[in-house]
Amino acid sequence: METSKLGKSNLISSRLVYGCMRIVGDNSDADREKGKDAIRTAIEEGFTHFDHADIYGGGQCETLFSEVLKEMPGARENIIITSKCGIRRTNQPNQGDPGRYDFSKEHIIQSVEGSLTRLGVDCLDLLLLHRPDYLCDAEEVSETFQELRDAGKVLHFGVSNFRPSQVSLLQSYCAMPLLVNQVEINIHNIDALSDGTLDQCQELKITPQAWCPIAGVAYPAWGNTFSEEDEVRLKSEFDLQSQEYDSENGIIMLAWLLKHPAMILPIIGSTTPSRIKAAKQALDIPYSREDWYRLLEARNGKPAG
Ligand SMILES: NC(=O)c1ccc[n+]([C@@H]2O[C@H](COP(=O)([O-])OP(=O)(O)OC[C@H]3O[C@@H](n4cnc5c(N)ncnc54)[C@H](OP(=O)(O)O)[C@@H]3O)[C@@H](O)[C@H]2O)c1
């Protein structure tokens, strides 16, 4: 599969990242088997970058992933494992605790230790702060990153869902470059195109990753505000482009993301082997500038220019 360097590092990632948020499903034996199959398929299809978080499946997604790694000797050495931390659920660890963000040294280190144990690995290739903590002390986070790196527990760092000002603040305290900003980008949520996120990524050589890339195409996006008329107009353009490129709507969406010069890495979240394989087709679509703008026009209901 096509590859891409992550940020200012020499880490080479597959252009499509595989997202592990859904791999345990409802945690039944059947869903866990399906999840393992999905991971094996992703590895076999050339995905070399796997995205986790301490909270996915309440930790079960990382545990399931380690089961597959054990079955596939040598696999660990050939992949990038990312995990995320910083979100704490209501009533955790104590009854009555509020849902919150927590970038304290104590929590970040505890979270990383938990991820390493569940994943059964010595180090994370990349750790992302999951969502901005209003009480973030950038100096403390920077010290924590250094401590984790010195201990060999995390090799590289990045952020997720950070606004450009939050990236700048944290980067101003961190000696090492932040490699990634993982944000929601799909046909419904295109904020990153105009709020400075993708501009900053290009300016500072930070790799943007797109979560829920096909929301609004295959399933409703978070907080969907499209009217029925918008949906019909958009679907009709997707259908036309699918025909033109002999593809399907979800793949066209991925091609749209891949076309952006910030080198967005879409994170593929399907647990269906045929869909995981099919996602790679997006890399071969000679997607035109005109079609990129046609889809934007269909989304917005008016021309860009
Ligand atoms: N940083 C953050 O805050 C954040 C937030 C959310 C997600 N993420 C990351 O982003 C990754 C990807 O997110 P995502 O899972 O939402 O990605 P996605 O690829 O946009 O969506 C995957 C979902 O769409 C379904 N799907 C795919 N093709 C379909 C089709 N043609 N028709 C109907 N349903 C279809 C899949 O079902 P099947 O499994 O049945 O194929 C699966 O439930 C996650 O795994 C996680 O790693 C990060």
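1. Strands here are DSSP runs (E, at least two residues) numbered from the N terminus, and two of them count as paired if DSSP finds at least two bridges between them.

2. The model is a predicted one, in which local features need pLDDT of at least 70 and side-chain atom pairs count only at pLDDT 80 or more, while totals for chains, interfaces and linings use all residues. Residues are numbered from 1 along each chain as its sequence is written, and side-chain values use heavy atoms, with hydrogens and water left out.

3. On its other listed pairing, β11 is joined to strand β12 (residues 265–268) by two bridges, again with the strands running parallel, and Q209 stands opposite L265 in β12.

4. Strand β11 (residues 207–211) is mostly covered, since five of its five residues are buried, where buried means under 20% relative accessible area with a 1.4 Å probe and protein chains only. T207, Q209 and W211 point one way from the strand, whereas P208 and A210 point the other way, and all are buried. In a regular strand the side chains alternate between the two faces of the sheet.

5. These strands belong to a barrel that eight strands close in the order β3-β4-β5-β8-β9-β10-β11-β12, with parallel pairing. The twist averages 30° from one strand to the next, taken between N-to-C directions of axes fitted to C-alpha atoms, on a scale from 0 to 180 degrees.

Notes: Helix = DSSP H or I, 4+ residues; strand = E, 2+ residues; numbered from the N terminus. Buried < 20%, exposed > 50% of the residue type's maximum accessible area, 1.4 Å probe, protein only.
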